[in-house]
There are 2 protein chains.
Amino acid sequence: MPKLGIKPLRRQQLIDATLRSISERGLQNTTIVSISRIAGMSSGIISHYFGGKKELIEATVSYLLDQLQQSLLERITEENPPSHIRLHLIVEANFTEFQRSILATKTWLSFWAMSMHDPAMARLQSINSNRLYSNLLFSFKELLDPESAANAAKQTAAMIDGFWLRSALSENAEQEFIAAELLCKKFINDVIKQEISNASNQI
Amino acid sequence: MPKLGIKPLRRQQLIDATLRSISERGLQNTTIVSISRIAGMSSGIISHYFGGKKELIEATVSYLLDQLQQSLLERITEENPPSHIRLHLIVEANFTEFQRSILATKTWLSFWAMSMHDPAMARLQSINSNRLYSNLLFSFKELLDPESAANAAKQTAAMIDGFWLRSALSENAEQEFIAAELLCKKFINDVIKQEISNASNQI
DNA sequence: TGTTTTTAATTGAACGTTCAATCAATAACA
DNA sequence: TGTTATTGATTGAACGTTCAATTAAAAACA
């Protein structure tokens, strides 16, 4: 009998090792050997559990996407929070402790660059990008007229991604992430305030 | 004697070829051979004019930074435009025809990813990031109080980078870039409008 | 002007290195 | 013992760099 449940364990161990390798050496210098050494296993194990290096990288990115999705779901378990709270929760999910980790940041950046010439990566990237927009749009629509909501959702999504990028590349990333989260929330509050006052003026 | 003043010409030809190679195959698949073939020269030429591949990549990124800077300067040749116009010009500079080109977008993305584990690239990246923020801050300060100006400048910089990133990765990049430019300008207008009405309420 | 000399630009084969993938051998387990 | 998990040496392709040889343009000369 094969060891029970060892396959998902090994796969997760190798994904963790991949994140560490990329955060330490960058994607370009991450090799089959560097990953397997961090995982404390041999180089052949990667082909055995993932078929090849490419599939392991893809699985690692999928893992990051799942983590991001889960960090949002964890926050909305409460019974339907009001829209403006929900918007803040979306922001928070994108600036989680985990999202800020060097493990994650370096991998996200490499992943974005890869998306430009790797169809499989581009597909994952597109799903994630649309998900953020859709989540924001859903909540904004309960507060603003459709066109304003669409604009606000696009602007917020861009601001989140932009702040995330600038923070990740900054020298004192941790402080920048904290400030970024606050400024994203401030933007959301201001948009809602402004649009509501605009609407009341028009009546 | 061989052709005089050919050095700057060849260097630019190789930089152009590097942009094309990265846009076609991605940075990972860009090799000395792929670049020199696009340039119509031999592989040895790169070491001769740049010392090595690394220096050529750095020169290519510097070229992109210069183009970005120049596209802004070209717009502000007029005698001191008013602050809100200047802010729009900054946005426009970041969404130039050239910035939208596949040649540039793929290289920028690879460059960001490289910055995380290449000190020379990180330095270039930091300069560029600060420059955008400083330019925005300068103009916002003429319209808003210092704290509001700093917040607005950070938010605008993030929104520009974020929109740029999302547009570059999008399937119909061209349309997205156009919409992005408009939404960045709209944000700037709204911030100014809102802060001014806030200030008048406080009096 | 026509010829020769000088000079640097350019080539591309060869070299050493690095990497992902493979697979026969071994270890761990049931 | 038989089955699966794991190892790690080996392979061959791909890469950046180097450099002796070649090419062609400019300079010097007559």
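A:Asp161 and B:Arg166 meet through their side chains in a salt bridge, 2.4 Å from N to O. The model is predicted. This bridge spans two chains, and the count between chain B and chain A is two salt bridges. Four helices of chain B each supply at least two residues to the side that touches chain A: H7 (102-115), H8 (119-140), H9 (146-169) and H10 (173-202). H9(B) gives the largest share, 13 residues. By class, that side of chain B has 16 nonpolar, 14 polar and 10 charged residues.

Now take the interface as a whole. Chain B brings 40 residues to the contact and chain A brings 41 residues. Together they bury an area of about 3500 Å². Carbon and sulfur atoms give 61% of that area. Polar contacts are present too: 10 residue pairs across the interface, with both residues at pLDDT 80 or more.

Aromatic rings come next. Over all chains, the search finds 13 aromatic pairs. One of them is formed by A:Phe187 and B:Phe187. Their ring centres lie 5.4 Å apart and their planes stand at 65 degrees; the cut-off for edge-to-face is over 60, so this pair is edge-to-face. A:Phe187 sits in helix H10 of chain A and B:Phe187 in helix H10 of chain B, so the pair joins two chains. Is A:Phe187 buried or exposed? A:Phe187 counts as buried, at 4% relative accessibility. B:Phe187 has 3% and also counts as buried.

B:Trp112 is buried at 8% relative accessibility. B:Trp164 is buried at 5%. In chain A, one aromatic cluster is formed by A:Phe95, A:Trp108, A:Phe111, A:Trp112, A:Trp164 and A:Phe177.

What is the fold of chain A made of? Chain A has 10 helices and zero strands. Its C-alpha trace spans about 70 × 40 × 30 Å along the principal axes. Of its 203 residues, 51% are buried. Among contacts in chain A with a separation of 6 or more, 64% are between residues 24 or more positions apart.

Charged pairs complete the picture. Over all chains, the search finds 18 salt bridges. In chain A, A:Glu181 and A:Arg100 meet at 3.3 Å, N to O. A:Glu181 is in helix H10 and A:Arg100 in helix H6 (residues 97-100), 81 residues apart. Both A:Glu181 and A:Arg100 are buried.

In chain B, B:Arg100 forms a salt bridge with B:Glu174, with the closest N and O atoms 3.1 Å apart. B:Arg100 lies in helix H6 and B:Glu174 in helix H10, so the pair ties together parts that are 74 residues apart in sequence. B:Arg100 is buried, with a relative accessible area of 14%. B:Glu174 is partly exposed, at 36%.

B:Glu181 forms a salt bridge with B:Lys185, the closest N and O atoms being 3.3 Å apart. Both residues lie in helix H10 of chain B, four residues apart, about one turn of the helix. B:Glu181 counts as buried at 13% relative accessibility. B:Lys185 is buried too, at 14% relative accessible area. In chain A, salt bridges with shared partners join A:Arg75, A:Glu92, A:Arg100, A:Glu174, A:Glu181 and A:Lys185 into one network.

Definitions and conventions: Residues numbered from 1 in each chain as written. Chains lettered and ligands numbered in written order. Heavy atoms only, no water. Contact = heavy atoms within 4.5 Å. Buried area = accessible area lost by both parts, 1.4 Å probe. Salt bridge = Lys/Arg side-chain N within 4 Å of Asp/Glu carboxyl O. Polar contact = N/O pair within 3.5 Å; in protein donor to acceptor, adjacent residues only side chain to side chain. Nonpolar A, V, L, I, M, F, W, Y, C, P; charged D, E, K, R; others polar. Phe/Tyr/Trp six-rings, centres within 6.5 Å; stacked < 30°, edge-to-face > 60°. Buried < 20%, exposed > 50% of the residue type's maximum accessible area, 1.4 Å probe, protein only.
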